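Q: Please take a close look at the aromatic pairs in this model. Cover the surroundings as well.

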Amino acid sequence: MTSREASQAPREFGGPLGVAALLILLPATMFHLLLAARSGPARLLALPAYLPGLEELWSPWALLLLFIWLGLQVALYLLPARKVAEGLELKDKSRLRYPINGFQALVLTALLMGLGVSVGLPLGALPGMLLPLAFATTLTSFIFSLLLYAKALVAPASALAPGGNSGNSMYDFFLGRELNPRLGSFDFKYFCELRPGLIGWVCINLALLMQEAELRGSPSLAMWLVNGFQLLYVGDALWYEESVLTTMDIIHDGFGFMLVFGDLAWVPFTYSLQAQFLLYHPQPLGLPMALLICLLKAIGYYIFRGANSQKNTFRKNPSDPSVAGLETIPTATGRQLLVSGWWGMVRHPNYLGDLIMALAWSLPCGLSHLLPYFYVLYFTALLVHREARDEQQCLQKYGRAWQEYCKRVPYRIIPYVY
Ligand SMILES: NC(=O)C1=CN([C@@H]2O[C@H](COP(=O)(O)OP(=O)(O)OC[C@H]3O[C@@H](n4cnc5c(N)ncnc54)[C@H](OP(=O)(O)O)[C@@H]3O)[C@@H](O)[C@H]2O)C=CC1
Ligand SMILES: CC(C)CCC[C@@H](C)[C@H]1CC=C2C3=C(CC[C@@]21C)[C@@]1(C)CC[C@H](O)C[C@@H]1CC3
């Protein structure tokens, strides 16, 4: 990438000022949620009743635990994989190779946890360590992002991401300068996107469930639902791990603070908010309502998986019998765009399914508090923003064909609404 190209790339997130605000706001929001979930009133939109001192935040044991966790996930990543997949073609025409063993890492982590618990590993103590663990992970994310920034200074121009090389160091630190930072064949971005944070999220959920069982004799139905739904989501992501190789995070975004913090800290500590809330604010949930929520989750998952699988199958092999009959629009790149099936309903049916599932994760927490609905609100904002970024990239890639697709399929995420 030439320095002219880099400086001409459009600035995202409100440019340097916007990212300066996000560098403070994202960790602050995460700590606010952690504190609010355990507070009596559990209010999303109120300032915390007290701010923890450094002695509550900093613990060398939490840092040690984090490093043991990262070490374990690295070791599982390095185990032989059932398949090695190739990524999309890079600017220098090469393709990177990625191990497909994320689901195996999830299963082995579960077995190791089960073994640990059976010999007395106090998993139920984890909820009490969330604050210092989140602090250690935030510090680690800042330092790791700085190291990645420094590594990018000596990377060849062809290895740089289109967006994170504006020349403004704070902006580039946030967005990430290098596209696929690696040490040998170890790919930092791919590893972080799917392993320590996602698997950590379900481990935190499980620890909250065990702690609830200790406190109240057995886990509540609401806690079972939240754990089951989110485990299905994480299991699905790791089972279909290969499809992450075509997401904009892997093919377009650099690996900087946004993704480092998002993957390592934001996902496990804020996505487990519903289970955190339920531990401190038990909610009654009757069987009929639980069944209705399960139905909503099933509908969301059906749309999410159907849409993602349809597109992935089509991109791999357009003549696969399951997609060969679908209507398409040809593009100048030689690729085609689906214009019937899930992708003829709205331009992002997978986001619609994901949002329905998000609602099903929050409903077990009842309607008395807004806090457990934070994920639905944040996720709507994230997907609307992501959709706009994807739209821009598709318009650039496909030009008139994309305009034609937008005309044929006018709604973005929710039919007849948006
Ligand atoms: N829980 C969370 O925090 C998050 C979850 N997600 C989920 O991850 C999944 C992946 O999402 P994301 O990475 O945003 O991208 P998508 O899976 O939606 O992929 C977008 C790409 O699909 C291709 N495409 C778009 N329209 C068509 C069409 N009509 N026919 C064929 N191909 C088309 C284009 O790429 P091309 O043409 O180059 O193939 C486009 O760039 C989603 O299910 C999303 O909900 C995402 C972000 C965060
Ligand atoms: C900290 C900021 C608010 C932004 C952080 C964004 C990240 C948390 C997300 C960016 C893309 C993601 C994807 C997933 C998890 C969240 C992040 C890392 C999935 C792995 C979730 C499961 C899906 O099946 C695939 C997703 C790919 C993108």
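A: The account below starts with the rings and then turns to other local contacts.

This is a predicted model, in which local features need pLDDT of at least 70, side-chain atom pairs count only at pLDDT 80 or more, and totals for chains, interfaces and linings use all residues. Residues are numbered from 1 along each chain as its sequence is written, and side-chain values use heavy atoms, with hydrogens and water left out.

A pair of aromatic rings is described by the distance of the centres and the angle of the planes. Rings of Phe, Tyr and Trp (its six-membered ring) pair if their centres lie within 6.5 Å; planes under 30 degrees apart are stacked, over 60 edge-to-face, and the rest tilted. The structure holds 34 aromatic pairs. One of them joins Tyr 77 and Tyr 190. Tyr 77 belongs to helix α4 (residues 60–78) and Tyr 190 to helix α8 (residues 188–194), so the pair ties together parts 113 residues apart in sequence. Helices here are DSSP runs (H or I, at least four residues), and strands (E) need at least two; both are numbered from the N terminus. Tyr 77 and Tyr 190 are both buried. Buried means under 20% relative accessible area, exposed over 50%, and partly exposed in between (1.4 Å probe, protein chains only).

Tyr 233 sits in helix α10 (residues 221–239) and Trp 361 in helix α15 (residues 349–362), so parts 128 residues apart in sequence are tied together. Tyr 233 is buried at 14% relative accessible area. Trp 361 is buried at 1%.

Charges also meet rings. A charge sits over a ring if NZ of Lys or CZ of Arg is within 6 Å of the ring centre and within 35 degrees of the ring normal. Arg 182 lies over the face of Tyr 98, 5.0 Å from the ring centre. Arg 305 lies over the face of Tyr 240, at 3.7 Å.

Now a loop residue. Ser 166 lies between α6 (130–153) and α7 (169–175). Ser 166 is buried, at 12% relative accessibility. A polar contact of 2.9 Å links the side chains of Ser 166 and Asp 172. Such a contact is a pair of N or O atoms within 3.5 Å; within protein, one must be able to donate a hydrogen and the other to accept it, and residues adjacent in sequence count only if both atoms are side-chain atoms.

Methods
Chains are lettered from A and ligands numbered from 1 in the order in which they are written.
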